[in-house]
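Hi,

Here is the structure I promised to pass on to you. Have a look at it first, and then read my notes on its pockets and cavities below.

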Amino acid sequence: MAAHFSITLQGGAGVRVVCQFLELSGLSAFVGASYGTQQGLNAALEEALVAVAEEQRAALARGMPHRDLTVCEDETFHPQMGLVALEPVSGFLLLEQYAADRQAATWTQALQEALVGLDVAVIQGTSDEAGALHRHVEVDLGVHHSPDLFHGQHEVSKATSLHLARQVRQAAATVTAAQTRWAVERAAQQAYEDQSPRPCGRPPAFAARIRAAVSEVVQAEIAHAEAQARQCEARELVRELGIGYHPYDLECGQAQPVEQVAQRLNDVWTRLGRLAAAAELPTRARERLAKAQRLTTQLLATIPFFFATLQVQVEALALPLDLERALVEELIPALYLERVAERSTLAEPRHRLRALSRQLLEPLRHGAHPIQALPSTEIARLEQVAGECADRFQRSSSGVEGRNGQLALHHQGRHRLSDRKLAALTAVHNYHIRRADGTTAAERFF
């Protein structure tokens, strides 16, 4: 049983690998190692896992407090059409099933059936720009759609990276050719001067040739430096899209009004436009930039949505004004910065954001602060609400994209995933796999 669970449900291999394991380990002397025998055991294991997961879901749902959810959604292909929906904070898979198509009505029906029995309300959907997903979220569910920022960044990268890299290579080749010509001219002059006796007549115009060659080298090096600068600027602008698109300024931790975010994003698009003109990017690349820029309206709409839902949740606590202000201006921004720091892949911004978060939390820990007069249980409740508010801003569906990648590995090992196998994999993800803190997705979700 352990071999089946580890190899087929976590390792991504098939039943034949279990059979081979039994043979090589010598366990085939005690249990049947034929494919038919082990295939039947594997099917029974999957059915048992699905049954236990359903029991756990029903039991946990009975004591679950009401929650407002953001749902990240995407399709996968095996080549059957698969619909995957995930709650991004806990990583809990709400929906993972094959479907006949990916129309909006199919998405809506599947998600509604997946949420039966759960005391939840979907208030936001995060996904790519597929038309069906837009309609499913905004029309059928009637909630806010938060676009996936990565898809905009990816369009910018596709529009610029290949063409700018080619220009850098061509400029480097031009520098090499110019330097070679310069070396040839100097070698010709040296060879002429080394002749003894020197030929009669006026010597060749070596000085003029060398000056022309040097001029070509300088111009080629300038062009190469400009091409490299454009390439570096394009990469920096892709990063700037991610740095600027936050509800809180990552430099000071204060809330960013939507006008400030709009200014930062528009500055990026303006600089990208100038870069495209200077690099003479082709029409196809400019169309990609325009496609990415069209996301701006939806990105900006997510900022006021975040602050509006945050205000509603804080006002529901009915706190005194000073505590409400501390929650909105210090605790929630600090927790948000902590979350951004955890996702940062570079040490410098990670340490800086954590230091800024601690700086915002410092006044709250002072003994004279009103929040310290509250009971410990009340402080814990306020911190929980503040954390939920900080988690409300979702700009990426990378969790569901990663899940699709895991399913692709399982599919490659088998060439086909049955509905039972897919349900068993979902159960393992939700109720068995643990994060570094020791919790499962189900524990975090419920």
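**Cavities**

Helix α6 (residues 149-194) gives the largest share of the lining of the second largest cavity, three residues; helices (H or I, at least four residues) and strands (E, at least two) are DSSP runs, numbered from the N terminus. Before going further: this is a predicted model, where local features need pLDDT of at least 70 and side-chain atom pairs count only at pLDDT 80 or more, while totals for chains, interfaces and linings use all residues. Residues are numbered from 1 along each chain as its sequence is written, and side-chain values use heavy atoms, with hydrogens and water left out.

On a 1 Å grid over the protein atoms alone, a cavity is a set of points where a 1.4 Å probe fits but cannot get out, and a pocket is an open set with protein on both sides within 12 Å along at least five of seven lines; lining residues have an atom within 4 Å of a point. Points are joined across faces, edges and corners, and a volume is the space filled by probe spheres set on them.

The second largest cavity holds about 30 Å³, and its lining includes Leu149, Gly152, Gln153 and Trp269. By class, that lining has six nonpolar, two polar and no charged residues (Ala, Val, Leu, Ile, Met, Phe, Trp, Tyr, Cys and Pro are nonpolar; Asp, Glu, Lys and Arg are charged; the others, Gly among them, are polar).

The largest cavity has about 40 Å³ of space. β2 (81-87) and β3 (92-99) are the elements that give two or more residues to its lining, which divides into five nonpolar, four polar and one charged.

The largest pocket has a volume of about 1500 Å³. It is lined by 45 residues, and Arg339, Val340, Arg343, Ser344 and Arg395 are the closest to its centre. The lining comprises 17 nonpolar, 15 polar and 13 charged residues.

The second largest pocket comes to about 820 Å³. Among its 29 lining residues, Arg67, Gln313, Gln384, Glu388 and Arg392 lie closest to the centre. Helix α13 gives the most to this lining, with seven residues.

**The chain overall**

You will find 16 helices and five strands. The radius of gyration, taken over C-alpha atoms, is 30 Å, well over the 22 Å that the globule rule gives for 446 residues, so the chain is more spread out than a compact globule (the rule is 2.2 Å times the number of residues to the power 0.38).

Best wishes
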